[in-house]
Amino acid sequence: MTDMDGQGATADPQLQQFIEIESQKQRFQQLVHQMTEVCWEKCMDKPGPKLDSRTETCFVNCVERFIDTSQFILNRLEQTQRSRGSFSESMSD
């Protein structure tokens, strides 16, 4: 039986790694679902048996911009966290 304060989870690094991997998979699936929804609404006028070149180009551009935007946001959040960490460290000195 594990403690509720989280000490039990740190005792098993394999379990911790498994949980982290599954969490990453879930985040990735959510991102793909969101990207699919956004790009479908933006690019798909009338579903048919084949994609025309305009629709295909729209999907490619949409996915690339979605990835670029997601990466930009992640980088910006990391920079913000780093700057806050540096600021709080300098305040404690």
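Colleague: How much space lies in the largest pocket of this predicted model?
Modeller: A pocket is an open set of points on a 1 Å grid over the protein atoms alone, where a 1.4 Å probe fits and protein lies on both sides within 12 Å along at least five of seven lines. A volume is the space filled by probe spheres set on the points, which are joined across faces, edges and corners. For the largest pocket, this space is about 390 Å³.

Colleague: Which helix supplies the largest share of the lining of the largest pocket?
Modeller: Lining residues have an atom within 4 Å of a point, and helices are DSSP runs (H or I, at least four residues) numbered from the N terminus. Helix 2 (13-43) and helix 3 (53-92) each supply at least two residues of this lining. The largest share, seven residues, comes from helix 2.

Colleague: Is Phe-59 buried or exposed?
Modeller: Phe-59 forms the one aromatic pair with Trp-40, at 6.3 Å centre to centre and 45° between the planes. Rings of Phe, Tyr and Trp (its six-membered ring) pair if their centres lie within 6.5 Å; planes under 30 degrees apart count as stacked, over 60 as edge-to-face and the rest as tilted. Buried means under 20% relative accessible area, exposed over 50%, and partly exposed in between (1.4 Å probe, protein chains only). Because its relative accessibility is 17%, Phe-59 counts as buried.

Residues are numbered from 1 along each chain as its sequence is written, and side-chain values use heavy atoms, without hydrogens and water. In this predicted model, local features need pLDDT of at least 70 and side-chain atom pairs count only at pLDDT 80 or more, while totals for chains, interfaces and linings use all residues.
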